[in-house]
Amino acid sequence: MEQVLQYFFEYKEAIFIIALSVFLGIEVISNVPAVLHTPLMSGANAISGVIIIGGIILVGHANLSSFSAELVLGILALMFGTLNVVGGFAVTDRMLEMFKKKKK
Amino acid sequence: MDKVLGTLNGTQYTVGDSLLELSYLVAALLFVVGLKMLSHPESARRGNLYAFGGMALAMLTTLLLHRDDNGSNISLTNIWIILAAIGVGSAIGWIIARKVKMTAMPQLVSLYNATGGAASALVALLEYPKALTGDVGSILVTVLGLIIGAVAFSGSMIAYGKLDGKVGDVMKPFMTYINLLLLVLTLGLGVYITVSPNPPDEMIWAIYALFAISLVYGVMFVLPIGGADMPVVISLLNSFTGIAAAMAGFIYNNMAMILGGILVGAAGMILTLLMCKAMNRSLINVIIGAFGGGVSAAGGEQGNIREIALSDAAVLMSYSQKIVIIPGYGLAVAQAQHITQELDELLEKKGVDVKYAIHPVAGRMPGHMNVLLAEADVPYEKLVEMDDINPDMPNVDVAIVVGANDVVNPAAYNDPGSPIYGMPIIDAHLAKNIIIMKRGMGKGYAGIENELFFNEKTRMLFGDAKSSIQKLVTEIKTM
């Protein structure tokens with residue numbers, strides 16, 4: 001018990017952020033019409049590409065003096081992350097574009 | 001930028017550090033606002049743009065302002081490498097996003113989700129050796145990020161393969177036990193790594209083993225899940241990717257990543273549960289139980305199938321007042337959305353009121369049908385959701401079911417033994433006439449008989465949806 005309380009105190013900011021963001025995530029998408037489920041999913045998917053920030057930090061501070069597996073995997077992570085972000089936003093935009101144009 | 005502003009917890013921080021965090025705050029707010037706007041038809045497109053803006057901002061400021069523990073910025077050579085990687089990823093992502101057919105949208109979302117999961121898993125894998133011995137908090141989030149990211153990656157790849165028809169459903173009774181074993185193994189190893197007093201350097205084998213087992217688990221987790229449940233799985237994996245990104249955010253103590261990730265994770269989870277509700281199934285049931293395992297109770301009173309000639313169908317439609325088209329995945333497969341729109345227009349000219357009834361899980365992804373019909377220029381106002389159209393069904397002269405099956409199966413109301421019992425359906429059986437366009441007498445995704453086909457108000461129009469509707473259009477034009 002004491003250990004749990006100890007962890008809670010040490011990571012209290014993180015735990016607060018998690019709790020509130022979960023609530024926010026639920027609130028933000030509640031009442032979404034079924035029409036928008038696919039674009040919403042694809043847009044949210046693109047946001048999860050925020051992992052790209054981690055990729056930038058990782059490769060950004062990687063040691064370039066020697067060739068390492070870490071660097072290669074880091075670059076791979078970065079490319080994957082970008083694919084997720086750019087592809088995700090682009091495809092969402094394309095879908096929503098079609099919803100728009102039918103306004104005569 | 002390098003001007004020291006002050007000291008916090010024994011570390012100096014500069015103007016750049018503060019600006020970086022400020023940009024993360026703006027990015028996180030843009031994510032929230034963007035997601036909120038995405039859930040309203042009028043603002044959706046702008047919302048998507050806002051979220052992208054937030055992402056671009058966070059990427060740019062990280063590149064320029066991020067400092068490591070030693071206080072050094074990202075060097076110019078590294079910046080070039082990063083820009084090159086981002087350039088390649090953007091080009092590929094953009095080209096695929098522009099080229100892909102709208103019917104293939106679910107596959108594409110799965111594929112992008114897989115790349116996001118892979119990125120999270122790789123980041124966690126590479127950050128693990130840098131963790132401090134005994135720092136349980138950091139190691140825990142790293143391990144969680146690795147597991148969830150790897151499962152999201154391999155699971156999404158299998159989902160992609162299935163949706164694309166490259167991977168079939170594999171369901172053996174023993175697989176439930178293997179999956180359970182894999183899950184225990186994954187979690188056990190994860191706990192072992194987290195609480196181990198050994199320095200991370202000596203645990204490298206374990207983290208790679210965990211990576212491998214998690215990948216296998218992701219594959220085994222999605223393999224047995226039937227096609228009808230794919231929307232739920234895609235949404236669930238989508239939520240996983242968000243959570244994995246948030247875990248990585250904790251490694252870097254990066255607020256934009258944490259908030260963005262958890263936001264997507266929570267939103268994805270709610271969407272998943274909404275879909276489960278639309279199919280009247282629990283999430284556990286989707287994950288563990290295979291759908292349509294041949295336990296169909298319906299069998300008896302089948303009666304006769306009555307076909308309708310094209311010309312008769314054309315006459316019936318032309319002289320109706322109210323027609324409801326109920327599209328299913330068959331319409332998407334046949335690429336019949338454009339010709340359906342043409343039929344709709346033709347009928348409207350004759351004074352027929354044409355609406356589309358959209359079931360929440362029609363297609364292979366929630367809302368997929370709306371996207372396809374929008375692509376074919378069907379006005380948004382004509383797409384009516386299930387709950388709104390059902391009360392009006394008895395007034396409908398003709399319900400045209402195009403390539404849909406389970407979503408109009410009355411067994412959901414009156415056959416407690418049916419696997420889809422309790423699932424909300426579109427009440428096609430209440431319409432005055434029902435025309436069902438089908439390739440043949442095949443069963444729907446749930447693999448069960450549909451008594452609607454034997455209803456005395458029902459007429460079948462066999463053949464490929466696209467060519468059938470094409471012929472109908474020609475027929476109606478000559479009238």
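## Close-up views of chains A and B

**View 1. Where chain A meets chain B.** In this predicted model, 76 residues of chain A are in contact with 88 residues of chain B (contact means that the C-beta atoms, placed from the backbone, lie within 7 Å). On the side of chain A that touches chain B, the elements giving two or more residues are α1 (2–10), α2 (12–29), α3 (37–47), α4 (51–60) and α5 (69–101) of chain A. Of these, α5(A) gives the most, with 29 residues. Helices here are DSSP runs of H or I with at least four residues, strands are runs of E with at least two, and both are numbered from the N terminus. By class, this side of chain A has 48 nonpolar, 21 polar and 7 charged residues (Ala, Val, Leu, Ile, Met, Phe, Trp, Tyr, Cys and Pro count as nonpolar, Asp, Glu, Lys and Arg as charged, and the others, Gly among them, as polar).

A note on reading the views: residues are numbered from 1 along each chain as its sequence is written, while chains are lettered from A and ligands numbered from 1 in the order in which they are written. Because the model is predicted, local features need pLDDT of at least 70 and side-chain atom pairs count only at pLDDT 80 or more, but totals for chains, interfaces and linings use all residues.

**View 2. The two domains of chain A.** Domain 1 covers 1–31 and domain 2 covers 35–104, with bounds from an automatic or database domain assignment. Taken over C-alpha atoms, their centres are 26 Å apart.

**View 3. A helix pair in chain B.** Look for α1 (residues 15–38) and α2 (residues 44–65) of chain B, whose axes come within 7 Å and cross at roughly 165°. Axes are lines fitted to C-alpha atoms, for helices over the stretch in contact, and angles run from 0 to 180 degrees between N-to-C directions. α1(B) and α2(B) are therefore roughly antiparallel (the word is used for angles over 145 degrees).

**View 4. An open sheet in chain B.** Follow the 6 strands in the order β5-β4-β3-β6-β7-β8, with parallel pairing (two strands pair if DSSP finds at least two bridges between them). The edge strands, β5 (383–385) and β8 (458–462) of chain B, each pair on one side only. From one strand to the next, the twist averages 25°. β7 (residues 433–438) of chain B pairs with β8(B) over 5 bridges, and Lys438(B) stands opposite Phe462(B) in β8(B).

Note on methods
Two residues are in contact if their C-beta atoms, placed from the backbone, lie within 7 Å. Angles under 35 degrees count as roughly parallel, over 145 as roughly antiparallel, 65 to 115 as roughly perpendicular and the rest as oblique.
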